[in-house]
Each structure stands twice: as C-alpha cells, then as structure tokens.
Amino acid sequence: MSTTTTNIQLNNLTAISPIDGRYWGQVQVLSEYFSEYALIKYRVQVEIEYFIELSKLSELKPLNAVNKEEDHKKLRDIYLQFKESDAQKIKQIEKTTNHDIKAVEYFIKEKMHTELQYSEVVTEFIHFGLTSQDINNTAIPLSIVESVEKVLIPQLKQSILEPLRQFAQQWKSIPMLARTHGQPATPTTVGKELMVFIERLENQINHLEQSVPHTCKFGGATGNLNAHKVSYPAIDWVAFSEKFVKVLHPSLKRMRFTTQIEHYDNVASLLDAFKRINTILIDLCRDIWTYISMEYFNQKLVKGEVGSSTMPHKVNPIDFENAEGNMGVANALYEHLSAKLPISRLQRDLTDSTVLRSIGVPFSHSILSFKSIQRGLSKLVLNEANIAKDLDANWAVVSEAIQTILRREGFPKPYEALKELTRVSGSKKITESDIQTFIDSLSIPDDIKSELKLITPFNYIGIISDF
C-alpha cells in the first residue's frame, strides 16, 4: 500500500481532523471565515475594494473612466457572487503560478477582461504597488473581526451567558454551603456563585469588543509604500491606505510602522482573550461537574441516551467534560499562535503564513465547547433538598458569625472559644443543638444571645448584590 496516496475520498468519515469530520455539523458556519475558500474570497474582496479606491484618485488617469457606480457594482459582484467554482479556478491557476496571491490577481484580471471588457492598461492596477502580505494581512484580520462579531461572541452570549443569567435569577436567593479547599465554608447562594462566572465572562467580552484593536498591514514590500511613492509622489498614500482599510470594516486599523508583514501583536491579544474566556469556562465546567457529583444538581434524562456501555444506571456529565477537552485543545493552539505570530526574522519569514492557516481550528474548538456547555446547562435540575441537607449538616459554619459579633461586644478571645467548639474530627458533626448550648453558656446579655440564636446556615449568606 502506498504511503503517499489513497483512494479514500474526503468526507465527514474520512477527514483527519474531527473539526472537518465528526464535528463538522456544529462548526461549519466558521468555514465562511476560515476555510481555504473563505480566505480566497476575502483576498478577492480586498483586491477589488483596493482597485475601486484607486479608481477614485484623479491622478490615476487610466482608471478615471471606471470610476462609476455602475462599474463599482460590477466589480463588487466578483466577490459578492463568488462561488466555490471560482475558488477552484484560482487553485487551478495556482498550479501554474505556484503563488496563491498571484493566482488571485490573474483570476480578477481575467474577469475584468472577459466580463467588463477592461483594457490591460486598466487591469494592471490590480495589485498595484502591493506585496502578498498586504492582501493576506488585511484579508485575515477582516475574516477574524467578522467572525468574532457575527459568530463567536453571539454564540458565547447565546449558549452560556443567557442561560447562566436565567439560572442566576431563578436561584438568586437559594442558600448553599460554600467550600474552600474542599471543606465546608461560609454559606453563599447558588445564584451569586453563577454571577461570579457571568461577571468574569462579561469583563472579557467587553475587553474583546472595546479594547482589542483589529489591526492590519497595508504598506508595500517592506511597509514603506515605496512603489506607491515612486509612482505617484504627489498622493498622500498613508492617508489613502488608512482610509481604505476602514472601507473594508470600520474596526480595521492600519499599522503605520511594519515590516513586510503585520506584527500580529493585536491578533495575539485577541487570541489570548479567547484563551482567558476558555479558562473561565473550564473553571465553570469543573465546578458544575463537582456540584453534579455532590448531587447539588441532577441531570434531565435524554430518552435513548446511554451513559455507560456496562453500567445502565449512569447519567454522566459528558457535555461539561467534552467542553473542557475541546477548550484544552483550543487553548493549546491559541497559546502557540499568540506566541509564534509576533516573531518573524528581520523583515519577514514564512512561518506566520504556515501557522495562520490553522487559525480557524481553535475558534472551532471554542464553538464546540460553547455548544457543549449549552447542552449541559439545559439538562441541569437544582436539587434543593440535597443543598438544604448539606447546610443543615454543617452548623459549624455559623461560628464565623458568632465570633465576629462577640468581638463586637468585647467578649474575650471569641475566635479561640469557637475554635475549641467547632474543630472536631471523625464522624462528629456540630449540630444546631451544639451551637444553641454554646450560646447559652456564654456570659453575655440575653439580647445578644437572642441575636446569635437567629443565625443559621440558611440565612447567614451576607450581602447579595443586585443582579
């Protein structure tokens, strides 16, 4: 059997990557932004929009005749009506050129000749003064910003933030035993603990939407617009280029000082932000997994679903486990991309191009995780009886409240007194009766005793801010 060829055809069963195989149905929307087809389409878009902006410059005499709305519409149709067959044609041209951007250039020129009857003098302004990375380092940031705005953030909000907010409101006042270091600690509420994750996620989304710029490179062979300047020295090419990228998307910002490639610092910042979001979600998944194992949450049964191939009773928290695994894969790739992309030898090497082809993979694993968490959350049923049972079995947690009030009243060594009472070992548990007896034994006014006796694990929940 050959080690280099096979008769197997690519499909969901034969794909090497689970993103393009097993999970394709859940992530296929991202192919509009990160597939080879999408990259080619974005490249065509950048080339066309650049040509249109050039046509608006009166100094470029050969283009004056095509600076008409009718022409601009026909030009934009080249990418707006871009089909898979067009991408295949570009790939066919690339077999001859052995250069992907040159293949795009030749494809557009042919379209202009055959469909718009443009002369060669006009079509030579396609890719005018540019290097490949002016196209790639504008097309890829454009694909990223559009995917973040249209898919990734909306999916995160819909799949996780919205159901978490509903649960937080629903369970806002339900007291729950907290655990620090795995041990019983001062009570909290179920809703407030979910708000911890909501606040963390909202902070990161705000950071993504407001603080991480989407930058691109558009400056010629080594970033100085040399070819533009020498050809038309009277034109302010810096202002032109900065205005042009805003035509593509208002959030794009051109970096003025670059080598042949964009420095990727802000792409790295964006990837790190998604890595932090995943880290927060891994924390959420592990907490909910633990609450399920403690029977604070039950899971709705799904008819026909199997939990174990040998143990019929099992109902496993697989959605949270799947999400955790996929976020681990995503974070490994986010980490590599954010560490690798800002580094390039001198004015450019090719390593950025190689790794950028995988940029859609971690986003896909994130989308998978978001949807897995959504499924897991939809199955949760709060087990209030078990939560209450756990609280009632841990009256020692009110010792903090008692000793703090005793401090207020000037009682000598209150911490030490409560420590002596509550630090027990083995099967011994501090009960409500133990607490009441202890309070009665204290040499304090009766009204303070009454105040202390009102404190229970169920009402000692502190201040729950409005949400």
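This is a predicted model: local features need pLDDT of at least 70, side-chain atom pairs count only at pLDDT 80 or more; totals for chains, interfaces and linings use all residues.
Residues are numbered from 1 along each chain as its sequence is written, and side-chain values use heavy atoms, with hydrogens and water left out.

**Second largest pocket**

- Strand S2 (183-189), helix H17 (399-408) and helix H18 (414-422) are the elements that give two or more residues to its lining; helices (H or I, at least four residues) and strands (E, at least two) are DSSP runs, numbered from the N terminus.
- The volume of the second largest pocket is about 680 Å³.
- A pocket here is an open set of points on a 1 Å grid over the protein atoms alone, with protein on both sides within 12 Å along at least five of seven lines, while a cavity is a set where a 1.4 Å probe fits but cannot get out; lining residues have an atom within 4 Å of a point.
- Grid points are joined across faces, edges and corners, and a volume is the space filled by probe spheres set on the points.
- By class, the lining of the second largest pocket has nine nonpolar, eight polar and five charged residues (Ala, Val, Leu, Ile, Met, Phe, Trp, Tyr, Cys and Pro count as nonpolar, Asp, Glu, Lys and Arg as charged, and the others, Gly among them, as polar).

**Largest pocket**

- The largest pocket holds about 830 Å³ of space.
- Its lining has 36 residues, and Phe-34, Ser-35, Glu-36, Arg-357 and Ser-358 are the closest to the centre.
- Elements giving two or more residues to this lining include helix H1 (24-27), helix H3 (36-55) and helix H15 (360-378).
- Helix H8 gives the most to the lining of the largest pocket, with five residues.
- The lining of the largest pocket divides by class into 14 nonpolar, 15 polar and seven charged residues.

**Cavity**

- One cavity of 30 Å³ or more turns up in a search of the whole structure, and the largest cavity contains about 60 Å³ of space.
- Pro-141, Ile-144, Pro-213, His-214, Thr-215, Asn-266, Val-267 and Leu-270 line the largest cavity.
- H8, strand S3 (214-216) and helix H12 (265-293) each supply at least two residues of that lining, and the largest share, three residues, comes from H12.
- The lining of the largest cavity has five nonpolar, three polar and no charged residues.

**Helix packing**

- Helix H9 (residues 190-210) and H12 pack at an angle of about 170°, with axes 10 Å apart (axes are lines fitted to C-alpha atoms, for helices over the stretch in contact, and angles run from 0 to 180 degrees between N-to-C directions).
- That angle makes H9 roughly antiparallel to H12 (under 35 degrees counts as roughly parallel, over 145 as roughly antiparallel, 65 to 115 as roughly perpendicular and the rest as oblique).
- The residues of the contact of H9 with H12 are ten nonpolar, three polar and four charged, with contact meaning heavy atoms within 4.5 Å.
- Helix H5 (residues 84-97) and helix H6 (residues 100-115) pack at about 120°, with their axes 8 Å apart, and are therefore oblique to each other.
- The contact of H5 with H6 has six nonpolar, one polar and seven charged residues.
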